Amino acid sequence: MTRPDLFRSVFMLALGAGLSLAGPAALAGGTLVVGMTAGDLPITTGNPDQGFEGYRFVGYNLYDSLVLWDLSKSDKVADIKPGLATEWQVDEANPKRWIFKLRQGVKWHDGCEFKADDVVWNLSRSTDEKAPEFDPSQFAQARSYLGNFAGVEKIDDHTVAFETKVPDSLFPYEISYVMMISPCRAKEVNYNWAEYALRPSGTGPYLYDRAVPHQRMEFVPNADYWDKARVPKQDRLVLVPMPEASTRTAALLSGQVNWIEAPSPDAIDRLKSAGMQIVTKIYPHNWTYQLNFVKGPFVDKRVRQAANYALNREDMKELLNGLMLEGYSTVPPSTPYYGHPLIYKYDPEKAKALLKEAGCLPCNVTFAISTSGSGQMQPLPMNELAKSQLDAAGFEVKLQPMDWNSLLELTRAGVDKYPDVNAINVSRQTQDPFNALIRHVWTAQWAPKGSNWGHYGNPEVDKLVGQIFGEFNQEKRLALLTKLNETMNEEAVMIFVAHDLNPRGLSPKVHGFVQAQSWFQDLTPVTVEP
Amino acid sequence: MIRYILRRILYAIPIAFGVSVVCFSLVYIAPGDPLQTVMPPDATAETIAIVKHAYGFDKPLPMQFLIWLGRVLTGDFGVSIATRRPVILEVSEALANTALLAAFAVPLAFFTGYVMGAVAGSFAGRWVDRVVTGAAVVGVSLPNYWLGIVLVIVFAVEYMLLPATGMGPNGSTGFDLLQWSNARFLVLPVITLAMIPIGILARTTRAAVAEVRNQDFVQTLRAKGLSEWTVTRHVLKNAMPQVVAVMGLQFGYLLGGSILVETVFTWPGSGFLLSKAIINRDVPVLQGTILVLSLVFVATNLVVDLLQSLIDPRIRRA
């Protein structure tokens with residue numbers, strides 16, 4: 001045994017001894033220890049914070065929603081599947097009413113039975129300020145997904161009906177982000193959410209075991225999970241927040257964790273040489289510049305198209321050690337409604353000609369960018385490269401860097417409050433049609449009401465969005481969504497740059513992981529060799 | 001003596017008040033929203049307004065400050081926006097974890113720095129002095145987060161002798177100093193933290209020793225025929241008050257927690273808590289932590305002053 005081996009064994013023995021004090025002796029499935037990029041542990045009172053990483057590791061593990069995401073395949077973009085609801089359909093007599101049939105025989109972690117009353121209770125918890133169960137943080141978290149929610153009523157113990165403000169064919173997607181928590185436990189702790197956070201109870205595949213605030217959270221398998229195929233195969237899941245990329249890399253290499261999220265591109269070769277598995281997969285994410293349609297050069301479509309022609313995305317890919325896919329549209333090409341959009345291949349001459357035609361040469365623009373942030377990849381070097389390419393084609397880009405929190409505030413406030421910013425660099429999830437396309441171009445979403453930061457407005461697009469919401473036939477809706485994506489490209493509603501490849505570093509001892517094309521992942525099939 | 005202590009404690013009150021006013025204002029001057037952690041990135045203006053009201057952030061700033069101050073005076077530091085845990089619990093846990101680091105880093109820095117400085121001062125101008133002083137300059141100049149990363153690469157990644165990150169195999173709860181499986185998590189952060197104070201102390205001690213050696217009484221001691229060792233003992237004792245004063249300041253800094261070192265090692269101390277609170281704009285945690293840390297700093301200075309007067313009676317008489 002070499003010296004490092006000896007010490008590794010001593011460390012593993014010590015770790016084992018520690019774990020055996022903490023809970024039942026480890027079995028065959030092993031302990032999966034995940035180093036997350038989050039700065040802190042996500043909250044456990046329902047819809048988590050810490051962005052979609054919170055949903056990935058805490059939300060969908062402790063809890064279920066009525067509609068879940070099918071994360072079992074890696075060869076196509078993940079779509080929704082039945083969760084706590086087994087089926088749903090729009091009321092034929094009323095397009096603003098959805099009927100959901102609930103799964104029978106499901107038990108909360110606390111032993112109570114899951115029923116229709118619980119669904120009604122959960123919705124009032126995040127929408128009704130006067131209800132005793134109202135929780136402002138849950139209101140804030142769930143609000144983005146319940147913009148069209150008008151009410152819910154129980155039909156019988158296993159059926160509920162949702163009312164929407166306008167006909168909404170995308171409602172099942174929206175409700176997939178709303179976690180269901182146990183009213184039994186909430187009443188037991190007298191609606192004290194701090195207490196509930198320490199004793200959460202859901203219906204999900206994992207049971208909460210323990211947490212050390214800010215440091216680690218530990219789950220164990222829920223052997224009675226209703227979906228027997230998804231009872232976790234590992235014995236214990238440990239989540240550790242590690243916001244520093246170098247700390248995550250060191251922790252994986254030293255064996256303290258066996259799974260890390262988002263290793264930095266320059267650490268990939270080192271990780272590979274140490275025998276680590278690097279898994280990547282395209283997923284519904286984009287890294288773009290959203291533009292100002294009220295004031296400045298980007299009001300002119302030719303300038304928007306010029307910016308898109310000016311970018312050499314292959315160089316950008318090289319900068320990131322290959323860890324991105326060239327972005328030519330709002331959504332990645334594996335999206336069902338990608339269609340055949342107009343592609344802006346790198347052509348600096350064409351860009352310059354368009355700028356000349358638009359009478360904007362040199363074309364002065366200001367981009368608000370962040371120094372870090374969720375989904376922002378490597379914001380500083382990427383923005384520097386984009387600036388140099390745009391400048392070479394006739395732009396004069398001024399980068400205005402700020403911290404992530406400030407950029408989010410600027411994004412929420414909208415173009416009215418920041419008329420001199422011409423573009424913002426905020427990466428987006430594009431997991432469902434509303435978040436992928438509609439919110440960026442619909443006039444009803446003009447910031448601060450929604451995510452249409454630069455106030456793009458186009459009566460034809462608004463009409464198309466109305467048709468999409470009102471179209472309950474899936475195939476016909478797909479055709480409308482495809483048309484919307486192609487229109488958004490033709491209009492160059494953003495400067496499209498990149499799609500992240502979602503890299504993860506896994507110890508060679510980790511087996512059974514299927515990386516879904518999604519922000520969410522299924523950890524239940526994973527095992528870890530001792 | 002008791003009057004002196006009481007007077008010093010009274011002085012601490014305006015300092016603490018000033019610090020709390022400044023930190024309260026700074027938090028609001030910085031762009032960003034205190035409710036950022038509970039709000040999704042695409043929250044609408046209407047959502048933000050309702051949530052602000054629910055958390056009491058819609059009141060005018062002076063009003064918010066007075067409400068907060070009133071609560072603090074009764075011992076209620078409020079609740080963290082991000083975790084909903086009482087701020088006092090968050091701060092006390094973090095402070096205890098940082099104090100544990102400081103408890104090892106301070107003696108390490110004190111003895112190493114003192115010995116280095118004493119040797120250099122005693123041989124001022126000779127090659128020993130140049131070597132030690134050079135080492136001290138390196139210690140002061142190395143950015144400690146860089147040193148931390150290098151130590152992690154060597155001792156955790158390459159040789160796997162020590163853990164790279166965290167506090168104990170199961171987190172800080174149940175951390176048992178007497179077990180090597182726990183205590184080994186201390187080694188790298190303690191060495192990293194001690195490096196700058198070692199450099200500062202070595203240089204301070206060297207200067208103090210060299211100065212004292214040039215004083216008349218030293219010549220008198222030599223003239224009386226005392227051994228060089230006895231003379232050195234007298235010199236070191238006379239150089240001590242200056243060194244203790246500097247050490248006290250360093251101890252105060254170390255208790256404040258190093259944001260960079262604690263972030264590199266994911267050590268759940270006060271620096272780590274503070275950096276999280278800044279990034280999340282978790283105002284109650286930020287205010288509570290800064291207030292408690294400033295009080296700790298004032299208290300540390302008081303203890304150091306008392307220690308100095310114990311070592312050197314001349315200070316008490318002054």
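Analyst: A salt bridge here is a side-chain nitrogen of Lys or Arg within 4 Å of a carboxyl oxygen of Asp or Glu. The model is predicted, and local features need pLDDT of at least 70, side-chain atom pairs pLDDT 80 or more, while totals for chains, interfaces and linings use all residues. Residues count from 1 along each chain as written, chains are lettered from A and ligands numbered from 1 in written order, and side-chain values use heavy atoms, without hydrogens or water.

User: With which residue does Arg84(B) form a salt bridge?
Analyst: Three salt bridges are counted between chain B and chain A. In one of them, the closest N and O atoms are 3.1 Å apart, and the partner of Arg84(B) is Asp135(A).

User: Which are the edge strands of the open sheet in chain A?
Analyst: Seven strands make up this mixed sheet, in the order β8-β9-β10-β1-β11-β20-β12; strands pair if DSSP finds at least two bridges between them. Two of the strands pair on one side only, namely β8 (206-212) and β12 (277-279) of chain A.

User: Which residue of β20(A) stands opposite Val279(A)?
Analyst: β12(A) pairs with β20 (residues 504-506) of chain A in the antiparallel sense, over three bridges. In β20(A), the residue facing Val279(A) is Arg504(A).

User: Which helix lies across β1, β11 and β20 of chain A?
Analyst: Val279(A) and Arg504(A) stand opposite one another in the sheet. Helix α2 (residues 51-62) of chain A packs on that sheet and touches strands including β8, β9 (216-221) and β10 (236-241). The helix across β1, β11 and β20 of chain A covers residues 245-253 and is α8(A).

User: How many residues apart in sequence are the parts that Arg230(A) and Asp522(A) tie together?
Analyst: There are 32 salt bridges over all chains. One of them joins the side chains of Arg230(A) and Asp522(A), at 3.0 Å from N to O. Arg230(A) is in the loop between β9 and β10 of chain A and Asp522(A) in the loop between β21 (510-511) and β22 (527-528), so the separation bridged is 292 residues.

User: Where does the loop with Pro448(A) lie?
Analyst: The Ala447(A) to Pro448(A) peptide bond is cis, with omega near 5 degrees. A cis bond also joins Leu361(A) and Pro362(A), with omega about -5 degrees, and Pro362(A) is in the loop between α12 (348-358) and β15 (363-370) of chain A. The loop of Pro448(A) runs between α15 (433-441) and α16 (459-470) of chain A.

User: What is the phi of Asn190(A)?
Analyst: Asn190(A) is placed in the loop between α6 (183-188) and α7 (193-198) of chain A. Asn190(A) is not a glycine, yet its phi is positive, at about 60 degrees.

Technical notes: Helices (H or I, at least four residues) and strands (E, at least two) are DSSP runs, numbered from the N terminus. Contact means heavy atoms within 4.5 Å. Axes are lines fitted to C-alpha atoms, for helices over the stretch in contact, and angles run from 0 to 180 degrees between N-to-C directions.
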